[in-house]
Amino acid sequence: MTRFQSYLLNKILWFMLAFCIALTLNFLLPRLIPGNPVDVIVGEMATGGTLSSETAQKVYAAYISEFGLDQPMWMQFLLYVRNLTRGDLGISFARSPSRVQDLIAQALPWTIALQLPAILVGWTLGNVLGVLVAYKGGWLDRGVFPTFMFISSMPYYCLSIILLYLFAVYWNIFPAAGGYSFALTPTWSWEFVRSVSEHYILPFGSLVLIFIGGQAIGMRAMSIYELDADYVRYSRSLGVADNRIIAYIFRNAMLPQVTGLALAIGSMVSGALITEVVFSYPGIGSLLFGSIRQNDYPVIQGITLLLMVAVLAANFLVDLAYGFIDPRIRARTSGER
Amino acid sequence: MANLMRLNRRFLFSVIMLCLVISFGFLGPVILGRDKPLATVGGLYDHPSEKAWLGTDNFGRDVFTQLMHGIRTSLIIGAIAGAEAILIGLVIGTLAGYIGGIVEEVLMATTNVVITIPSIVILILLSIAISTRSIVAMGLIIGLTSWPWTARAVRAQTSSLRTREHVDIARLSGAATFGLIIWEILPYMLSYVVMAFVLQLNTGILQEATLSMLGLGPSDTISLGQMLHWALLWESVRTGAWWGFVPPALFLTLIAFSLLLLQSSVDELLNPRLRKA
């Protein structure tokens, strides 16, 4: 077995273990609830007066068997795992006939379409800004940089709320809620696309602003270390143009930032749940928010599982990429663990 | 020297800011005699007036009173979470770093697994599993998920401290492992521990706000995150009732910014390589 193969095997075993623990936690924690979730749901329906006692009992029984709560714990776990392997996440409590995977499938594209471009744009701009600030210093370092540092140290949802208030309510430039105008139904019409883009700008902008700041801080620190390097001094003494030198520094300081990018993409869904809540954007964050309010445990569980799998997969790919790129890390990591 | 002065100014600024915020949250309600943040004093989103300085929220509760209590709740939860995270991180990190071998392998394996599982997921699951969430319970839950980075850093420092001469001397003179870790290793990490606590405090406050905004905040009390939660849910942003959301958002930002500023200025003071810029 080559060194890389054993590194790979080690990593795979490692993430299998993490995955199993995540799966178990995801199964176990919601079941720690005293009583059971079905009591809560049916209780609320009954007090809401939407159910007669007879139907309440039927609904109760249906939920119990759907959730498998009448079985012993280990049976429930096996059932849960078996359903998962079939891609079956169960049925939503609150939106009863809807299947959890369908609800998630509806919401996920919105989240990805909002966050992936925001992360990529923010990452690129942030890194460029970081290098520039480190290299040029002066007013850039004193003025622009602290501004971004301030913005990125703001909790991201606070910035979202402030932007929403200023641009949607106070100046009334952008729409205040939703992924598209409530008057429209999703079709591929020009009007719909325009409405979607109008609703897109604010949440997108708030995410990008935060991301730029965070990236710029990291990149500035990395670049400052590079400024001392021989190749920078040599190029400078040769009179190489600033832009070329900046490009050199950029390339050399970037490797750790690539990890950051990969992890940001992996934690994309969990990273900015509240942004969607603030803008009532129809993605995973809003779905989770609604499900928590309605005690819709199957949906909450489905979403948390999705978040865990995404982060684990991203971590795995980053580790894998590093194994390819940097043999030192490969050696060290296999030794460390 | 000029640099040091500037650092000092930043340090002072953040400390003063924090002291003001802390005394606002802890002394404010006592001095002004406002100890009932959940009492109804008016209608839905009353404008700021002499009676309610920052208006009322969606339940007609006084925003100013809530703000003071919210700051206190957020700070307490953050402090509990931070202390717990530091404690767990220190125990696991020093044991792993000092003892080494199989103990280190197992402890670091656990740490790495906890790092890879996103903490917000565990927080959501734990919060829905607990039906009544007290302030202390919230703090403990949040602390439970945020220790791994501290553990890693502490382990790295301990492994390098372990090989120092004064530790060898102590070991030769027959000190027990436990006492050795406490008297010979921990003092050298004190500045790191303080800085890590500041960061963990910040993380704890922000995590609480995130959970509260999802509707999983502490019960029977108010926190900054919960104020935002209700403000969003009852459309105070979209109806322009700015007093519902600006104060909590502003104070969350202020706390986060001054904590990060404090951490970075202390870091630069202790770590000269960063000072060049």
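Mentor: Axes are lines fitted to C-alpha atoms, for helices over the stretch in contact. Keep in mind that this model is predicted.

Trainee: How are two packed helices described?

Mentor: By the angle between their axes and the distance between the axes. Take helix 3 (residues 63–99) and helix 7 (residues 148–162) of chain B: their axes come within 7 Å and cross at roughly 35°.

Trainee: Is the crossing of helix 3 and helix 7 of chain B left-handed or right-handed?

Mentor: Right-handed.

Trainee: Which residues make the contact?

Mentor: Helix 3 of chain B gives, among others, B:Ile86, B:Gly89, B:Leu90 and B:Gly93. From helix 7 of chain B come residues including B:Ala151, B:Val154, B:Arg155 and B:Thr158. By class, this contact has eight nonpolar, seven polar and two charged residues.

Trainee: Now the chains. How many residues does each give to the contact?

Mentor: Chain A gives 52 residues and chain B gives 44. The area buried between them is about 4300 Å². Carbon and sulfur atoms give 76% of that area.

Trainee: Which three residues of chain A supply more of its buried area than any other three?

Mentor: A:Tyr157, A:Ile161 and A:Tyr165. They supply 13% of the area that chain A buries against chain B.

Trainee: What about salt bridges and polar contacts across the interface?

Mentor: The rule finds zero salt bridges between chain A and chain B. Four residue pairs are in polar contact.

Trainee: Which elements of chain A touch chain B?

Mentor: Those giving two or more residues include helix 1 (3–28), helix 8 (190–227) and helix 15 (297–325) of chain A. The residues on this side divide into 39 nonpolar, seven polar and six charged.

Definitions and conventions. Residues numbered from 1 in each chain as written. Chains lettered and ligands numbered in written order. Predicted model: local features only at pLDDT ≥ 70, side-chain atom pairs only at ≥ 80, totals over all residues. Heavy atoms only, no water. Axes fitted to C-alpha atoms, helices over the stretch in contact; angles between N-to-C directions. Helix = DSSP H or I, 4+ residues; strand = E, 2+ residues; numbered from the N terminus. Left-handed = near helix turned anticlockwise from the far one by under 90°. Contact = heavy atoms within 4.5 Å. Nonpolar A, V, L, I, M, F, W, Y, C, P; charged D, E, K, R; others polar. Buried area = accessible area lost by both parts, 1.4 Å probe. Salt bridge = Lys/Arg side-chain N within 4 Å of Asp/Glu carboxyl O. Polar contact = N/O pair within 3.5 Å; in protein donor to acceptor, adjacent residues only side chain to side chain.
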